[in-house]
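Here is a friendly walk through a model, meant to be read with the viewer open. We begin at one helix and then step back to the whole chain and its partner.

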Amino acid sequence: MRQLQYENQNVLGTKLQVTWLLLAVILCPARALAQPPLSDVGDVRLVLGELREASFVEKERIVERLSARGDPSIRPVLSALLEDRLFVRESDHLIFIVKSADDSLTSLELIDPVSLAGAGSASRDDLTKIGTNNQLRKRLRALVARFDLSGPDAAVRLAAVEEILRSLDAESLALLRARSTVEPDAGVREQIEIGLGLAALDSGDSRARLDAIAALTRTLRPQVRNRLAGLLERTADGGFAESDERVRQAAAQAVHAIDRWRTFYGVVETLFFGLSVGSVLVLVAVGLAITFGVMGVINMAHGELMMLGAYTTYVMQLAMPNHIGAAIVLAIPAAFLVAGVTGVILERTIIRFLYGRPLETLLATFGVSLVLQQLVRSVFSANNRSVETPAWMSGTLQINGALSITVNRLCIILFSLIVFAILLFVLKRTRLGLDIRAVSQNRAMAQAMGIRTGWVDAMTFGLGSGIAGIAGVALSQFTNVGPNLGQSYIIDSFMVVVFGGVGNLWGTLVGGLSMGVVDQLLEPYAGAVLAKIFVLVALIVFIQRWPRGLFPQTGRAAETQA
Amino acid sequence: MIEQDRAGAAFLVLVVAVAIAAPVLNQFVPASSPFHLSTYSLTLIGKYMCYAMLALAVDLIWGYAGILSLGHAAFFALGGYAMGMYLMRQIGPRGVYGDPILPDFMVFLNWQKLPWFWVGFNHFWFALIVIAAVPAALALVFGWFAFRSRVTGVYFSIMTQALSYALMLAFFRNDMGFGGNNGFTDFKDILGFDLHADRTRVVLVVVTAAALAASYLACRAIVASRAGRLFRAIRDAESRARFLGYRVESYKLWVFVFSASLAGIAGALYVPQVGIINPSEFAPINSIEAVIWVAVGGRGTLFGAAMGAVLVNYAKTYFTGALPELWLYALGALFVLVTLFLPRGLVGLGARRRRAVHGAAAPVIWALGSHVGVSLGSKLK
């Protein structure tokens with residue numbers, strides 16, 4: 001395997017050399033007639049030295065000459081010049097790159113521009129910056145991009161392609177064309193092809209334009225679509241922007257095809273958004289599915305248990321300010337413990353006296369929720385707290401030109417599925433789960449079999465509360481962490497559980513996800529608030545028709561609970 | 001039933017006493033006298049009586065028919081909005097933008113003409129009808145579906161809560177035509193009387209007291225009737241009542257509708273006194289608070305529920321003024337302690353004492369009432 005890779009690189013290396021040769025051949029006739037190509041290191045130093053007194057126009061010619069040689073070792077010099085890090089040492093008129101030209105430094109660390117080795121340091125007074133202007137910087141960026149085009153990192157190459165496409169000329173076109181034949185990364189290749197295709201649309205040959213359109217049909221980027229649609233527009237004098245009838249037809253077909261795919265991916269994206277919104281709903285409701293669904297406790301403090309989880313995340317980040325990501329991961333068990341212990345205390349001191357009186361538990365737990373809110377206000381103040389998002393959870397994944405998904409939405413979907421799976425495992429495959437199911441199905445019989453029902457009640461409630469705490473960790477990444485965090489989710493949580501069918505975890509999953517998807521499908525037409533109202537009203541109507549939810553419990557257990 | 005009647009009579013006497021004493025203390029006792037009742041306190045008393053009416057509405061269905069509605073604040077707010085619409089139309093050209101027809105917020109949002117549902121609100125009689133009819137209609141539709149498909153107990157509570165939450169979100173929207181976030185405020189006058197004048201306020205309090213007494217009598221007539229006995233049967237054993245041949249759904253539906261319109265009337269009386277109505281009145285917490293008033297006073301007693309509303313709100317006024325930090329702790333603790341230790345509320349406590357000492361529940365009510373009255377008079381000047 002290693003051997004293979006090595007060979008591969010070798011092949012690539014030769015190809016690269018070919019590219020550079022090609023580049024040199026193309027560039028030479030254009031500008032370097034007066035000045036022969038540089039041959040050795042001494043020449044490079046000499047030419048660099050000329051930068052000291054050169055005008056901006058001369059500087060541009062110098063950097064052209066330097067890069068015309070095609071040796072990538074010149075790239076650091078170009079980027080240093082671009083970033084104002086190229087200096088002249090006044091004592092001997094030698095050119096150096098400095099490591100950092102930060103204003104706070106009095107002595108700057110020098111790097112030799114040819115060998116790139118360290119060359120001691122010099123005081124700022126002894127150094128003069130080599131200035132640039134807009135024109136020169138633009139040229140430099142293009143030149144640097146050409147070097148980056150053959151860099152080892154696909155992301156760097158992609159950025160380079162985008163940079164080159166910004167200012168296309170004959171040279172860079174040739175460069176890109178050469179690159180597209182050897183480029184190993186599909187994403188970069190696609191980007192190059194789009195650039196070449198867009199450029200070819202301007203060519204005088206209608207055959208080339210047709211080919212370009214055929215190639216561009218496969219891409220879904222808005223810029224391509226708009227460019228193709230532009231061909232179909234009429235100009236001010238009444239003619240078409242594109243003169244050839246066949247090209248116009250091809251362009252119209254291409255626009256149609258692109259639009260169809262974009263619509264398709266639009267639906268995919270909405271579904272994805274809906275699933276992520278639904279996952280949040282599942283996550284906030286699944287704890288309630290235990291306390292309300294399995295135990296029959298109307299826990300109005302459920303939202304505040306989530307709030308405790310969110311504040312636990314905040315505290316963990318305060319404690320580990322330098323490890324935001326680790327703090328979030330550690331906050332998951334911590335929040336489970338904090339909320340779970342709170343839940344157990346709640347159950348032992350209040351709820352166990354109220355079993356069988358659901359309306360009273362509703363009132364008592366609502367009282368608890370008020371106390372918890374005020375407690376948080378007293379400890380953390382009434383203001384919202386900011387919880388940071390770790391770097392690995394931000395950013396987007398670009399699937400193709402029309403579809404990109406945000407990483408944090410992906411994370412929440414995965415996270416809630418994992419939590420759901422673990423909960424399912426605990427309920428179906430562990431001793432605790434067996435006890436929980438036994439007690440919820442037939443308390444008296446379970447007691448007769450020697451199950452300590454009081455202990456099981458406390459653990460069940462603790463489990464549901466702990467899951468609420470975990471949901472709070474997830475919520476801290478999406479909404480404001482404040483005393484009202486719980487209130488804004490409590491009604492949603494109850495709706496999900498009731499919709500899915502009380503006492504059925506799968507119902508909660510399906511119910512939450514479908515509510516999220518419906519919400520997102522409606523949002524473009526109705527707006528966020530109206531979509532939410534519609535979902536609520538639809539649920540109310542649904543419950544009137546199917547009072548036991550999507551997946552009603554059947555059998556004797558259901559009847560005794562009713 | 002007899003002792004309930006005596007306590008109820010005491011309650012009625014108290015309401016009448018307030019209706020007479022409050023105007024006298026406000027209008028005829030000079031401001032320098034310690035017995036003078038400030039207009040602020042007068043308004044506060046009016047507000048408490050509106051809450052007492054809401055508590056009666058909740059107690060009628062929860063205490064007697066076993067229907068726990070967590071959406072009564074929505075009916076209250078709907079009544080309030082209907083009254084608010086009338087009051088907005090009364091402003092006429094005196095608004096900031098001076099439009100003779102459109103309320104300020106519509107001018108601000110560039111509305112060209114009055115939406116259809118605002119037509120008619122320049123007439124007081126029309127507003128009066130809507131105040132009772134809209135909550136009743138909503139309760140009719142919602143209840144018809146809910147009771148027919150036997151959505152009961154906790155499910156019903158959660159549904160009503162979702163309903164009131166959905167209404168709150170809807171009323172927060174600007175393009176609903178109800179003033180969005182800000183709701184209605186800056187009212188000028190009602191039936192041609194200046195709302196800021198003391199005399200108008202006195203009349204409003206007297207009207208509220210009369211409405212409270214009337215609602216109490218109406219509720220008591222209902223619970224004392226044959227239907228009332230059936231409500232209790234439904235509360236205690238719904239299936240049994242159904243199997244005895246009663247149409248449980250119809251009974252529940254009409255008491256729910258009556259209760260909703262009662263809440264609407266309470267809301268309508270509330271708005272001119274506090275001078276504002278906005279969507280936060282729909283908030284689910286308001287409905288739950290109304291339930292806790294009933295639980296504190298004593299579920300299934302009517303007069304207890306009304307007194308509970310006054311007591312809890314008096315405590316709220318006191319705490320939010322003196323110890324704002326502690327109010328939610330106190331309210332939360334009240335919820336927990338009452339459900340754990342006072343399942344029958346303060347009236348239950350009084351009844352227990354009555355069994356021990358040979359008295360009546362009436363003195364307890366009297367004592368509670370006079371305490372509130374006196375401390376209101378002394379503190380809130």
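Helix α11(A) has a bend of about 40 degrees at A:Leu288. This is a predicted model, so please read every value below as computed from predicted coordinates. The helix covers residues 245-294 of chain A, 50 residues in total. From its first C-alpha to its last, α11(A) spans 69 Å, close to the 74 Å expected at 1.5 Å a residue. Just past the end of α11(A) comes A:Gly296, whose phi is positive, at about 75 degrees.

**The chain as a whole**

Chain A contains 22 helices and 7 strands. Its radius of gyration is 33 Å, well over the 24 Å that the globule rule gives for 562 residues, so chain A is more spread out than a compact globule. Along the principal axes, the C-alpha atoms occupy a box of roughly 100 × 65 × 50 Å. Buried residues make up 41% of the 562 in chain A. If you look at contacts in chain A between residues at least 6 apart in sequence, 67% of them link residues at least 24 apart.

| Domain of chain A | Residues |
|---|---|
| domain 1 | 32-147 |
| domain 2 | 269-390 + 402-561 |

Taken over C-alpha atoms, the centres of domain 1 and domain 2 of chain A are 61 Å apart.

**Where chain A meets chain B**

How many residues of chain A are in contact with chain B? There are 33 of them, and they meet 36 residues of chain B. On the chain A side, α14 (358-380), α19 (487-500) and α21 (528-545) each supply at least two residues. The largest share comes from α14(A), with 14 residues. By class, this side of chain A has 25 nonpolar, 5 polar and 3 charged residues.

**A closer look at one alanine**

A:Ala199 belongs to helix α8 (residues 186-200) of chain A. Is A:Ala199 buried or partly exposed? It counts as partly exposed, because it has 19 C-beta neighbours inside 10 Å, and a residue needs 20 or more to be buried. Leaving aside residues up to four places away in sequence, A:Ala199 touches A:Leu168 and A:Leu173. A:Ala170 is 29 residues from A:Ala199 in sequence, while their C-alpha atoms are 9.9 Å apart in space.

Notes. Residues numbered from 1 in each chain as written. Chains lettered and ligands numbered in written order. Predicted model: local features only at pLDDT ≥ 70, side-chain atom pairs only at ≥ 80, totals over all residues. Helix = DSSP H or I, 4+ residues; strand = E, 2+ residues; numbered from the N terminus. Buried ≥ 20, exposed ≤ 12 C-beta atoms within 10 Å, placed from the backbone. Contact = placed C-beta atoms within 7 Å. Domains from an automatic or database assignment. Nonpolar A, V, L, I, M, F, W, Y, C, P; charged D, E, K, R; others polar. Rg over C-alpha atoms; globule rule 2.2 N^0.38 Å. Expected span 1.5 Å × (residues − 1). Bend = angle between axes of the 7 residues up to and from the residue.
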